[in-house]
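Work through the exercises below with the sequence and the structure side by side. Try each task before reading its solution.

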Amino acid sequence: MQNSKGFSLIETLVALSILLAVITAIIPIKTRIMMERDVLDQKRAVLNTLHEELQDYLWSGASMQNQSYTINVDGSPVRIHFTTENSYLKGCAEWKNVKNKQDESCLYGYPTE
């Protein structure tokens, strides 16, 4: 056996194929993580807006039974509607998220009298 002082072509090709396999596995995962981050950022912004709207109605003491309207949150239309359940005020927001799927979240508040 001779004493070689470098990499052979086969070793280089094996290392390159392992590197390419790792890269092709990481890129879709990173893309998915970025998309989910955007979905969560949008949901956080919508819920923050819904919370502010709910607080306005709770503190104003106005009657909110079955009121509905649409506002813009970060460039996307969000439909907000309020209903009364038992003694709670329920505020729900519906919007299409960045994945183009319909999403809905609700918050409850207890009006002070």
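**Exercise 1.** In which strand does Ser-105 lie? Then decide whether Ser-105 is buried or exposed, and list what Ser-105 is in contact with beyond its neighbours in sequence.

Solution. This is a predicted model, in which local features need pLDDT of at least 70, side-chain atom pairs count only at pLDDT 80 or more, and totals for chains, interfaces and linings use all residues. Residues are numbered from 1 along each chain as its sequence is written, and side-chain values use heavy atoms, with hydrogens and water left out.

Step 1: Ser-105 belongs to strand β4, which covers residues 102–109. Helices (H or I, at least four residues) and strands (E, at least two) are DSSP runs, numbered from the N terminus.

Step 2: buried means under 20% relative accessible area, exposed over 50%, and partly exposed in between (1.4 Å probe, protein chains only). Ser-105 has a relative accessible area of 9%, so Ser-105 is buried.

Step 3: contact means heavy atoms within 4.5 Å. Leaving aside neighbours within four places in sequence, the contacts of Ser-105 are Lys-43, Leu-47, Leu-50, Gly-91, Cys-92, Ala-93 and Trp-95.

**Exercise 2.** How many helices and strands does the protein have, and in what pattern do they follow along the sequence?

Solution. Step 1: the count is 1 helix and 4 strands.

Step 1: read along the sequence, the pattern is α-β-β-β-β.

**Exercise 3.** Where do Asp-74 and Asn-86 lie, and what is the phi of each?

Solution. Step 1: Asp-74 is in the loop between β1 and β2 (76–85). Asn-86 is in the loop between β2 and β3 (88–96).

Step 1: Asp-74 has a phi near 55 degrees, a positive value in a residue other than glycine. The phi of Asn-86 is likewise near 55 degrees, and positive in a residue other than glycine.

Step 2: the relative accessibility of Asp-74 is 68%, so Asp-74 counts as exposed. Asn-86 is exposed too, with a relative accessible area of 77%.

**Exercise 4.** What do the overall dimensions say about the protein when set against a compact globule?

Solution. Step 1: the radius of gyration is taken over C-alpha atoms, and the globule rule is 2.2 Å times the number of residues to the power 0.38. A compact globule of 113 residues would have a value near 13 Å, but the protein has 26 Å.

Step 1: along the principal axes, the C-alpha atoms fill a box of roughly 90 × 25 × 20 Å.

Step 2: of the 113 residues, 25% count as buried.

**Exercise 5.** What is the mean pLDDT of the protein?

Solution. Step 1: pLDDT is the predictor's confidence in each residue, from 0 to 100. The mean is 89, and 92% of the residues reach 70 or more.

Step 1: where pLDDT is low, the predicted coordinates should not be read in detail.
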